[in-house]
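Please open the structure in your viewer and keep the selection tool ready. The stops below say what to select next and what is there.

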Amino acid sequence: MKKYNVIIVEDEKAAQDQLIAMLGKHPDLHLSGQSFNLEEASRMVSQYEPDLIFCDVDLPPGNAFDWLMGLPSIPFSIIFTTSYDTYAIRAFRLAAVDYLLKPLMEEELNQALDKFRAKNQKANSLDHVQELLNNLNKSPQKKKIALPTLSGYLFVPIREIIRCESDNTYTTFHLIDKKTIIVSKTLKECETMLLEQDFFRVHNSHLINLAYVKEYLKGEGGQVKMEDGSYVDVSRRRKDEFLKKIR
């Protein structure tokens, strides 16, 4: 059985103890150390060379993002923990970085660990975390979304996505260069990831980038013509809200 070195960075002892107890049920995880502050965490990273770090987002007087940006490299996977930072959660979703909401639930922890074991590719982890940090410092026009592929993840600038089309449990991303990317995510999942990015669900099967709406054609629900020449139906119940968005 492969063993993974794990470090916990958490400034609340109760949360730290809870996580330690949960991790104790996973024999392939070796807890190398736990830290209450970022200065000590930096020393542990250098000393133990962890495969995985559980890291709280808010670690006064700074935060996990500032700390990561200051490291020379990030050769480890990260599972973030947070109590309330909804902005950070949206950023995690865009970059496909794993996170856990406090109080921690064992089932959610196990799911995150399963994903860690499945990929367990440090280069992949670095890509995820680096894209997260990049997104936090970018304007909405320059942010990217991580789309799962057979070989890993494809990081696509959000501004290049014209629309997303549902096909049951799959979603097709239509890009401005006419390329399409099919991902194994529902349209609801994609909508959640793009919630703050000027996208609107006009129909059960379509999520569109409002920046690429070229024309609206009246009707019971109506249709929108997109910049790529495609026509998308607007459902009757979403029509009024959509018209408010584009006016």
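**Stop 1: two loops**

Select Lys-178, which sits in the loop between S11 and strand S12 (180–183). Helices (H or I, at least four residues) and strands (E, at least two) are DSSP runs, numbered from the N terminus. This is a predicted model, in which local features need pLDDT of at least 70 and side-chain atom pairs count only at pLDDT 80 or more, while totals for chains, interfaces and linings use all residues. Residues are numbered from 1 along each chain as its sequence is written, and side-chain values use heavy atoms, with hydrogens and water left out.

Lys-178 is not a glycine, yet it has a positive phi of about 75°. Is Lys-178 buried or exposed? Lys-178 counts as exposed because its relative accessibility is 61%. (Buried means under 20% relative accessible area, exposed over 50%, partly exposed in between, with a 1.4 Å probe and protein chains only.)

Next select Asn-168, in the loop between strand S10 (161–167) and strand S11 (170–175). Asn-168 also is not a glycine and has a positive phi, of about 60°. Its relative accessible area is 69%, so Asn-168 is exposed. Most residues other than glycine have a negative phi, and most peptide bonds are trans.

**Stop 2: a cis bond**

Go to Pro-103, in the loop between strand S7 (99–101) and H5. The peptide bond from Lys-102 to Pro-103 is cis, with omega near -5°.

**Stop 3: two helices**

Show helix H1 (residues 13–23) and helix H5 (residues 106–119), which pack at an angle of about 60° with their axes 11 Å apart. (Axes are lines fitted to C-alpha atoms, for helices over the stretch in contact, and angles run from 0 to 180 degrees between N-to-C directions.) Which residues of H1 and H5 meet? Leu-19, Met-22 and Leu-23 in H1 meet Glu-106, Leu-109 and Leu-113 in H5. Of the residues in this contact of H1 with H5, 5 are nonpolar, none is polar and 1 is charged. (Ala, Val, Leu, Ile, Met, Phe, Trp, Tyr, Cys and Pro count as nonpolar, Asp, Glu, Lys and Arg as charged, and the others, Gly among them, as polar.)

**Stop 4: aromatic rings**

The structure holds 7 aromatic pairs. Select Phe-80 and Phe-92, a stacked pair with 4.9 Å centre to centre and 15° between the planes. (Rings of Phe, Tyr and Trp, its six-membered ring, pair if their centres lie within 6.5 Å; planes under 30 degrees apart count as stacked, over 60 as edge-to-face and the rest as tilted.) Phe-80 lies in strand S6 (residues 77–82) and Phe-92 in helix H4 (residues 86–95), 12 residues apart. Both Phe-80 and Phe-92 are buried.

**Stop 5: a buried leucine**

Select Leu-68 in helix H3 (residues 64–70). Leu-68 counts as buried because its relative accessibility is 2%. Leaving aside neighbours within four places in sequence, Leu-68 is in contact (heavy atoms within 4.5 Å) with Ile-74, Phe-76, Ile-78, Phe-80, Val-129 and Leu-133.

**Stop 6: cysteines**

How many disulfides does a search of the whole structure find? The search finds 0 disulfides, a disulfide being a pair of cysteine sulfur atoms within 2.5 Å. Select Cys-190: the nearest cysteine sulfur, that of Cys-164, is 5.5 Å away. Cys-190 is buried, with a relative accessible area of 1%.
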